[in-house]
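Trainee: Hi, could you walk me through this model? I'd like to start with some strand pairing, please.

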Amino acid sequence: MAEWLRDYYNTVQEKFFGLYVFDEPFFVVKDPEIAKNGNSLPSKFYSNSLFSNNTVQEKFLGLYVFDEPFFIVKDPKIAKNFLLLQLFTRKFYSNSPFSNNTVQEKFLGLYVFDEPFFVVKDPEIAKNITIRDFQHFTDRQVSGPSHDVLQQNFLFFQKSDVWKSARTKVTPAFTAGKMKAMYHLIDASGRDLSRWLETNAGPVEAKELAAKYSTNVIAKCAFGIDPECFVRAKPMFREMGRRFFDFSWRNGFCQTLYFLKPRWVDRLKIDFVDGTSLKYFAGVFLDTLNSRVDDVKHNDFIDLLKELRKKEPFNDDQKLAGVAIQIFMAGFEPTASTIAFTMYEFSLNKEVQDKAREEVLGVLEKYNGEITYEAAKDCTYLDMCMKETIRKYPVLPFLDRACTENYKVPGTDVLIEKGTAVIIPMYGFQMDEQYFPDPYKYDPERFREKIDSDKGLIYMPFGEGPRICPGERFGLLTAKLAIMYTIRKFEIEKCERTPERVEFEPKSFLFQSKVGLYINFKTLN
Ligand code: HEM
């Protein structure tokens with residue numbers, strides 16, 4: 001990467017160029033005169049005496065002194081507010097802070113602290129990295145915490161052969177047949193949601209509503225319990241789940257470090273999520289596992305994990321608990337977020353909502369008014385709506401990979417060295433108007449035709465390649481059912497507290513709205 005930055009440096013004719021680090025512009029100096037003047041950094045830079053007509057108006061700037069990046073802060077808020085992980089990926093992707101430079105290129109590089117990151121802007125390179133040349137990028141850059149057996153068994157964090165073996169064992173849990181077998185558990189949660197709305201119609205915070213529903217679903221499927229999120233005032237399962245991704249400084253800081261400074265995580269033994277919640281979920285899972293009589297089949301994830309107990313490397317119950325917690329963690333939040341953002345967009349786009357309802361009611365006539373697995377499959381317009389939701393709100397802002405074998409970018413002299421972090425800014429691609437015109441418009445019609453990925457990736461809400469999300473089918477079915485149960489009986493409307501547009505929470509590495517997504521649910525006549 002250092003080499004690449006040198007190339008980058010050599011191609012720029014200007015005396016300086018710009019880069020974004022997080023969502024803020026960096027000013028990189030190429031001119032010896034400017035660099036020399038930089039010796040008296042603090043006063044000169046701070047006082048604007050060098051570049052009075054340009055970027056030193058910004059709140060901070062950066063420069064290289066030889067090959068060391070320096071970051072000069074001019075704004076007191078920045079230190080507090082640097083966890084803008086999700087937005088930096090889009091800004092990098094879409095525009096250069098200084099318009100005439102190399103961000104027109106197919107990729108760019110940057111330092112995050114002292115680590116080089118390779119940022120992809122080209123669909124073909126994105127496809128090569130995730131699929132065709134996957135053998136060079138088998139791992140994620142994110143830390144694989146070695147200090148804790150539960151978190152070590154999160155598939156998302158696992159590396160190389162350990163990941164490959166675990167992934168092979170877990171994949172059979174997500175086939176269409178397994179989804180069908182678990183359908184009754186998801187459906188029961190859909191009924192809970194619908195019943196709750198019947199007595200609580202009016203303004204409701206959609207994310208909390210959706211999180212209760214998806215927590216019910218995954219608790220039933222992976223922990224064998226019903227947490228009764230729609231019945232109890234403060235269900236423990238939900239309260240503990242909330243701690244995983246709430247907007248605390250602890251989560252913001254630690255979870256960002258997992259992606260940007262994995263070595264610190266290992267050294268400092270930092271947990272990705274709150275330790276009390278981890279212990280709680282492990283306890284619930286192990287209680288269920290140990291109480292199950294061997295020959296009774298439940299057709300849920302626990303059955304599969306019980307099978308795995310007999311085999312390596314899942315011969316330790318703590319490891320199995322880690323897998324169950326991963327299913328919960330990776331599953332409940334993205335699913336809830338997809339449901340909530342779909343409801344939110346329906347509240348703003350009545351014609352889309354009406355069309356989806358018309359389809360659902362039409363399909364249900366064929367199934368005697370019953371929502372079934374087959375009925376859900378028949379709602380193809382609703383599929384288009386889901387796809388549009390996760391285009392605009394893709395849960396994760398980017399895909400991350402680590403280069404596991406030196407890789408020469410085809411058609412260039414650029415070498416990505418083993419160990420370099422790679423970022424594919426999914427949000428950038430999915431909001432790029434050359435691929436998705438008028439990108440802020442919620443328009444499910446974009447998905448009437450299949451997105452062409454022959455030449456490269458432009459749409460990847462579940463990731464791509466061997467590390468693609470295994471829960472895609474499960475997540476989409478769960479989200480679809482929630483919407484079907486809602487719109488068949490309720491009109492979703494804007495209310496006074498509905499935000500005009502969504503602003504993303506800067507402390508979260510996932511896309512989450514900064515404010516509650518309040519919307520009105522009105523019973524249909
Ligand atoms: C709408 C819902 C969901 C979305 C948008 C979503 C999105 C994603 C994305 C973008 C990735 C990273 C893929 C990559 O790096 O190429 C991922 C990974 C993963 N997801 Fe999902 N996900 C969803 C639901 C679920 C569900 C329901 C489960 C489990 C029940 C799940 C389990 C996982 C796991 C275990 C991984 C890591 C896979 C690996 O590294 O091999 N996800 N998901």
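Mentor: Happy to! Gly-202 has Phe-521, in strand S13, as its bridge partner. Helices (H or I, at least four residues) and strands (E, at least two) are DSSP runs, numbered from the N terminus.

Trainee: Before we go on, what kind of model is this, and how are residues numbered?

Mentor: This is a predicted model, where local features need pLDDT of at least 70, side-chain atom pairs count only at pLDDT 80 or more, and totals for chains, interfaces and linings use all residues. Residues are numbered from 1 along each chain as its sequence is written.

Trainee: Thanks! Which residue stands opposite Pro-203?

Mentor: Opposite Pro-203 is Asn-520 in S13. Asn-520 also has Glu-493 standing opposite.

Trainee: How many bridges join S7 to S13?

Mentor: Four, and S7 runs antiparallel to S13 (residues 518-523). S12 is likewise joined to S13 by four bridges, again antiparallel. Two strands pair if DSSP finds at least two bridges between them.

Trainee: What is the strand order in that sheet?

Mentor: S7-S13-S12, an open sheet of three strands with antiparallel pairing. From one strand to the next, the twist averages 35°.

Trainee: Which helix lies across S12 and S13?

Mentor: That's H16, running at about 80° to S12. Axes are lines fitted to C-alpha atoms, for helices over the stretch in contact, and angles run from 0 to 180 degrees between N-to-C directions.

Trainee: And how do H15 and H16 cross?

Mentor: The axes of H15 (residues 301-309) and H16 come within 10 Å and cross at roughly 155°. That makes H15 roughly antiparallel to H16, a term for angles over 145 degrees.

Trainee: Which residues meet there?

Mentor: From H15, Phe-301, Leu-305, Leu-308 and Arg-309 meet Leu-320, Val-323, Ala-324 and Ile-327 of H16. Two residues are in contact if their C-beta atoms, placed from the backbone, lie within 7 Å.

Trainee: Switching topic: is Ala-210 buried or exposed?

Mentor: Ala-210 counts as buried because it has 28 C-beta neighbours inside 10 Å. The cut-offs: a residue is buried if 20 or more other C-beta atoms lie within 10 Å of its own, exposed if 12 or fewer, and partly exposed in between, with C-beta atoms placed from the backbone.

Trainee: Where is Ala-210, and what is Ala-210 in contact with?

Mentor: Ala-210 is in helix H10. Leaving aside neighbours within four places in sequence, Ala-210 is in contact with Ala-336, Ile-339, Ala-340 and Ala-482.

Trainee: Which residues of H11 are buried?

Mentor: In H11 (residues 236-245), the buried ones are Phe-237, Arg-238, Met-240, Gly-241 and Phe-245. Seen down the axis of H11, these buried residues fall within an arc of 165°, so they line one face of the helix. The arc is that of the directions from the helix axis to the C-beta atoms.

Trainee: What covers them?

Mentor: The cover includes helix H10 (206-223), helix H12 (249-260), helix H14 (275-291) and helix H16 (317-348).

Trainee: Last one: how many helices and strands are there in the protein chain?

Mentor: There are 21 helices and 13 strands, and 44% of the 525 residues count as buried.

Technical notes:
Angles under 35 degrees count as roughly parallel, over 145 as roughly antiparallel, 65 to 115 as roughly perpendicular and the rest as oblique.
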